[in-house]
Every structure is written in structure tokens, then in C-alpha cells.
Amino acid sequence: MSINFTTATFRDFENIPDFDIVKRAEIFYDFLDYMKSNGHMNYRLKNNSGCSSVMNVDIGGKPNDFVSFVSNDYLGFTQHPKVKQAAIEGIQKYGTGAGASPLIGGHFVFHDDLEKKISSFFGRKQEEAVIFTTGYTANSATLQILLQKEDIAIIDMAVHASVHEGCAFTNTKTFPHNNLDALEHILKTSEDKFRTKLVIIDGIYSQDGDVSPLKDIYNLVKKYNAYLMVDDAHGVGILGETGRGALEEAGLMDKVDFITGTFSKTFGNVGGYVICDKKMAAFIRFQSRQQIFSATAPPSTMGIIKAIELVDEEPMWRLKLWENINYFKKGLNDIGLDTGNTCSAIVPVKIGDPNITGDVGKLLIEHGVYTNPILYPAVARKDARIRMAVMATHERKHLDKTLNAFEDINNKLHIAKKFNNNHA
């Protein structure tokens, strides 16, 4: 069996019939060499500087500074002096690691403080949070224990991969992205067939940057006696009057059954959380395998607590972020590029053709702009795009440099025209 490298994606190498693990690894290695040779290898590049709006990146053994749009550190808190100082103080007081899983000796006062802080942040003072070492496991490990073979997960097709992994042991139905009619049909036909019905959506979706119709979805979920989980990893700190995210904007912070999210974006660290009823939280703490068998977060977690406080203490970062988002998006649209339905700090430039998208990524690097081409399976095969995350710390000169690069690339590759022709 041969694979056409010009049209292949990473997914094509997951399971090749008649290829054992060694042969699959070998052909995939050849594919990576092919990507490097044509300049499409914008993945796993070595960063020599910290997460920021400008990063020093080693490409082919040649380190250079690039305007960076690859980080979800939307408010720039990974580099905030107060956040770094809080993390340092945590290490100085407690050391570099927790040394055990939460269940058997690895639950410290700073973990307890963080759980209370993030729950209170959402106004859920009568409920509780369970923290995890990553946002990925907050979803996957929680869903694996909540849903079994008697239950069903009803999932927007655009949710994060962690949700799909978490639902591997239960029944699942997916509905087209933000399609309320399809969701209601599944809820109606599932109403009496399953013990637990859990609808799982994002607040802001990670590839298009668009928002869920949360109020309508919540009303449907309750109409059919189901539960609702919202992962707002990309909305918290950005949306809402006080930065509480898509749920605040929709007026649903006190109504959703499960709120999940991450500390690796707005809060500038790593980890995840689930907020729910205190009895449910206790069930997750004592049943989730990640809570039982995996070491918990280190004392640098104390930096997250400070980052949560800064959302309220320094709202100017959110205001600056929105100033950058609006300026950058308008500039891209003025060139004729398609940014889809984004209403967040995630700004895609939709191109469609995966090979051309790779070429755009290569040319952006040549212009000193570091971005990620996003291809199947992260998006549909014909929906490839350049995904960019705007930060509060981007300066106007960074945005202008990037807009000038896109204008030059569009003059060479006619990506605006190609997109419109392909979707006429």
C-alpha cells in the first residue's frame, strides 16, 4: 500500500492495513521528512524563549525572532511578574512537586485553595471544583467515570478531542456544529432509552473561535431532562462583562450542570477543572482514575491563583486584547480573507485546500510570522486554515507586520479568491 504524501494528513498513518508498528513508524518518518523538505513542517518547532507575542524559534538550526500567534496565553499572564512571583513562592515554600496522587497524600493546601478560588470565580460558592493536571484530563477522566454503557453522551461535532476520548466507554451521538434541530432530534429520540443523557458543548470552539447558542441549548437540554456540560477553555478571561466567559455572557453561570476548563490559556499555567454539585465532585475525586493513579499538580500552581485574581484586578488586559482582536480581524477582512464566525481571540484564516494552507504557513514563516496551519483531522478535509491566537501583549506593529505579510501572500497565492471560488 502506498500513501500519496501530497494529500496525506497525520490521520492517514494511524492504522495502515498490513503495516505493523515498525512499518507504520517508518513510513510516517518519511512523511515528516517530506513535510520538512517542502517547508510545511510548522509543528513541534523548538522555542528558545518564553511564551509571548514575539518568540525566538529554531527552524532548521537557524534561531530567529517571530511575531507569534501560536499561544493561547491570551492575556499574557505566563509572563506577568505577579503570576511568576506567586509560582516562585509556591516552589520556595512547598518544593517542586506534590509527590503523590490527590487520593493518597498529594492533596495540599494550595490545591484546596485553587479549587475554592476557581469555583468562587464562577460564582459557584455552594458548589465545588475538582482540579486536574491538564484541561485534557479534566474532560477525559471525568467523562470516563460519569458515563457508562447505560448512558449516552450527545456531543457537538466540534468539541475538543478530550471529550471524544472521555466518551469511549459510553454511547455517543454527535450533532452538526451548533445545529439546534439536530440536537433536539437526538434528545427526543434518546429520551427514554438511556439512564443518563449528557449534552457536551464548548463555550468558544477552538478552531473557528465561534460561540455556542448557549441559552437555546440549555433550554433544549432541560426540556428533555438531560444534563449539560460546557467546556469554556477559550472563553474564560475573554468574554463576559467581568471575563467569566461565554456562560457569563449568556447569563448561565449558575445553571449549567458541569463547567469544565483549563488553566493553560487565560490563567497562564497548566491544569484543568470541573465545577459541579459537591456530591458529584466527591464522586469524581474518589472514582476518577486520574485522581487516584496520577500525581497531582506541583506547587507552582499557586501562580494560577494569582492569575485568577488578576482577571478582576487588572481588567485592562482584556480591554487591550479586544482592541487587538477587532483591529486584526478587520485588517484581514479588508484584504478579503475569510475569518469565519469568530467572536473571540481565536482568528482563523480559512483557505480550504490543505496544500495551499501549508504553503501559506511556509510563507508566513519567511515573513517572520509564526502560525499554525490546521488540517484534517482537527478540521474537515476541505476546511484547512491558518489558526491564530491574538494576545493582549501584541503591539500594533506586530499586527501590521502580519497583515502586510498576508496581503503579500494573497497577491502571490490569491487565497481570498481561491476560498470564494471553492465555496461559491
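Why does D33 count as partly exposed? Its relative accessibility is 36%, so D33 falls into the partly exposed class, which lies between buried (under 20% relative accessible area) and exposed (over 50%), with a 1.4 Å probe and protein chains only.

A word on the ground rules: this is a predicted model, in which local features need pLDDT of at least 70 and side-chain atom pairs count only at pLDDT 80 or more, while totals for chains, interfaces and linings use all residues. Residues are numbered from 1 along each chain as its sequence is written, and side-chain values use heavy atoms, leaving out hydrogens and water.

**Around D33**

D33 sits in helix α1, residues 21-37; helices here are DSSP runs of H or I with at least four residues, strands are E runs of at least two, and both are numbered from the N terminus.

**The four-stranded sheet**

Let's turn to the strands. An open sheet with mixed pairing runs in the order β1-β2-β3-β12. Its edges are β1 (46-47) and β12 (369-370); each has a single partner strand, so one side of each is left without a neighbour in the sheet. Strands count as paired if DSSP finds at least two bridges between them. The pairings within this sheet are as follows.

| Strands | Sense | Bridges |
|---|---|---|
| β1 and β2 (residues 54-59) | antiparallel | two bridges |
| β2 and β3 | antiparallel | six bridges |
| β3 (residues 62-68) and β12 | parallel | two bridges |

K46 has D58 in β2 as its bridge partner, N56 stands opposite D65 in β3, and S68 faces Y370 in β12.

**A covered strand**

How many residues of β4 are buried? Four of the five residues in β4 (residues 128-132) are buried, leaving the strand mostly covered. β4 pairs with β10 (residues 272-276) in the antiparallel sense over five bridges. Within that pairing, A129 has I275 of β10 as its bridge partner.
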